[in-house]
Amino acid sequence: MSVCKNVLVYSEDRELVLQLLGKGRALADKAGGELYALLLGSGITGAGELFGYGADMVYVVDDPKLAQFGLEPYRAAVLEAAGKASPGFILIGATKRGKELAARVAAALDTGCMTECVRLDIDGEGKLRAERLTYGGSTISTQVSKREPHVATVPARAFEKLEPSPRSGEVIELDVDLPDARVKILETREKGKGDLGLENAPVIVSAGRGFKEQGDLRLLEELAEALGAKMGCTRPVAADLGWMDEWIGISGRKVAPKLYVACGISGTIQHAAGIRDSQIIVSINSSETANIHDMSDYSIVGDIYTVLPALTKAIKEKVG
Ligand SMILES: Cc1cc2nc3c(=O)[nH]c(=O)nc-3n(C[C@H](O)[C@H](O)[C@H](O)COP(=O)(O)OP(=O)(O)OC[C@H]3O[C@@H](n4cnc5c(N)ncnc54)[C@H](O)[C@@H]3O)c2cc1C
């Protein structure tokens, strides 16, 4: 059986912290340990709300050095908290920063790190057992962490947060001698037009290399306007052709709209990984054998240059 029974959770994303607490509570109860949350930053507020979501104890490291993300001070703070909580299990939100951090924390603790875990349980030997999405989410692998503390990263929405309840606990401020970050952030800027709010969009119409010229994207714009949709694209359209700023897929945005309309997109595994959670996928592709059709609820085998104007016209007529 696991010697260390406590669970420590951390993410810089508060919503994800609540989801980690939901899972962490179940793991701590099963192991017979306590659930610790860790908050890092400068000017931290609202630590107490975490008790209602399952935490027994909240560690806070509030330091100007943590105002912006830097691997070295963040890693030091997590290690300090881990030293105090003696966790058998450490769950870290699988954001970009969380993934960078988790690997380094695990290395410093001389243990492994299971990434992108969508299911977690403690097996009969007290080890952490995880189901992970692999190959861009097309398969699920089951892994068991051998060494304590078991470290896992967890993506957003993998677990539910608990309904808040009137619980209380202890907030403990940790005084950590933090190292300086080795990377200096010279400037931060708000995202401009690239931030399309794709993640929360209920309807997305998306362009692939089936579009021959940038100007042809007006066909997509017209459809987007008729549907009240956001526009997305595949990686080559953004990264190679530079027609849009951001793309959807394993290395881009992950989306979960009610309706995703894929226009001139082949449906490679890398793109599919980003749209898998869409409720309804409609594909328009001139090739009958394009992979996108296999994952679509509705397939139109046809030329986007004729289908898109017809579709837009029909929607406009319907909507009035
Ligand atoms: C490490 C790595 C990470 C990657 N990450 C991503 C990612 O996050 N997101 C992503 O999208 N890609 C990603 N890629 C790229 C990915 O492998 C594919 O190259 C890309 O998804 C293909 O984009 P596409 O469907 O637009 O183009 P293509 O594969 O070229 O497909 C174009 C499609 O358009 C159809 N078509 C052509 N003309 C018409 C027409 N007139 N009417 C209708 N259909 C037409 C064709 O039949 C074809 O199916 C990644 C690759 C690597 C190596």
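A residue is called buried when its relative accessible area is under 20%, exposed when that area is over 50%, and partly exposed in between, using a 1.4 Å probe and protein chains only. The structure shown is a predicted model, in which local features need pLDDT of at least 70 and side-chain atom pairs count only at pLDDT 80 or more, whereas totals for chains, interfaces and linings use all residues. Residues are numbered from 1 along each chain as its sequence is written, and side-chain values use heavy atoms, with hydrogens and water left out.

View 1. The protein has eight helices and 15 strands, where helices (H or I, at least four residues) and strands (E, at least two) are DSSP runs numbered from the N terminus. Its C-alpha atoms fill a box of roughly 65 × 45 × 35 Å along the principal axes, and 48% of the 320 residues count as buried. The protein is divided into domain 1 (6-173) and domain 2 (198-319), with bounds that come from an automatic or database domain assignment. The C-alpha centres of domain 1 and domain 2 lie 35 Å apart, and the contact between them takes four residues from domain 1 and four residues from domain 2, contact meaning heavy atoms within 4.5 Å. Among contacts between residues at least 6 apart in sequence, 63% join residues at least 24 apart.

**View 2. The salt bridge between Arg 14 and Glu 49.** A salt bridge is a side-chain nitrogen of Lys or Arg within 4 Å of a carboxyl oxygen of Asp or Glu, and a search of the whole structure finds 16 of them. In this view, the side chains of Arg 14 and Glu 49 meet in such a pair, with 3.2 Å from N to O. The two residues come from distant parts of the chain, since Arg 14 belongs to helix 1 (residues 14-31) and Glu 49 to helix 2 (residues 49-52), 35 residues apart. Arg 14 is partly exposed at 28% relative accessibility, and Glu 49 is also partly exposed, with a relative accessible area of 38%.

View 3. Arg 167 forms a salt bridge with Asp 56, and the closest N and O atoms are 3.0 Å apart. Arg 167 lies in the loop between strand 9 (150-154) and strand 10 (170-173), while Asp 56 lies in the loop between helix 2 and strand 3 (57-62), so the pair ties together parts that are 111 residues apart in sequence. Arg 167 is partly exposed, with a relative accessible area of 31%, whereas Asp 56 is buried, with a relative accessible area of 17%. Through salt bridges that share partners, Arg 25, Asp 29, Asp 56 and Arg 167 are joined into one network.

**View 4. The pair Glu 125 and Lys 127.** The side chains of Glu 125 and Lys 127 meet in a salt bridge with an N to O distance of 3.1 Å. Lys 127 counts as partly exposed, at 23% relative accessibility.

**View 5. Asp 216, a buried residue with no salt bridge.** Asp 216 is placed in the loop between strand 11 (203-207) and helix 5 (218-227). Although buried, Asp 216 has no salt bridge, and the nearest side chain of opposite charge, that of Arg 218, is 5.1 Å away; here Lys and Arg count as positive and Asp and Glu as negative, while His and the chain ends are not counted. Leaving aside neighbours within four places in sequence, Asp 216 is in contact with Phe 211 and Tyr 305.
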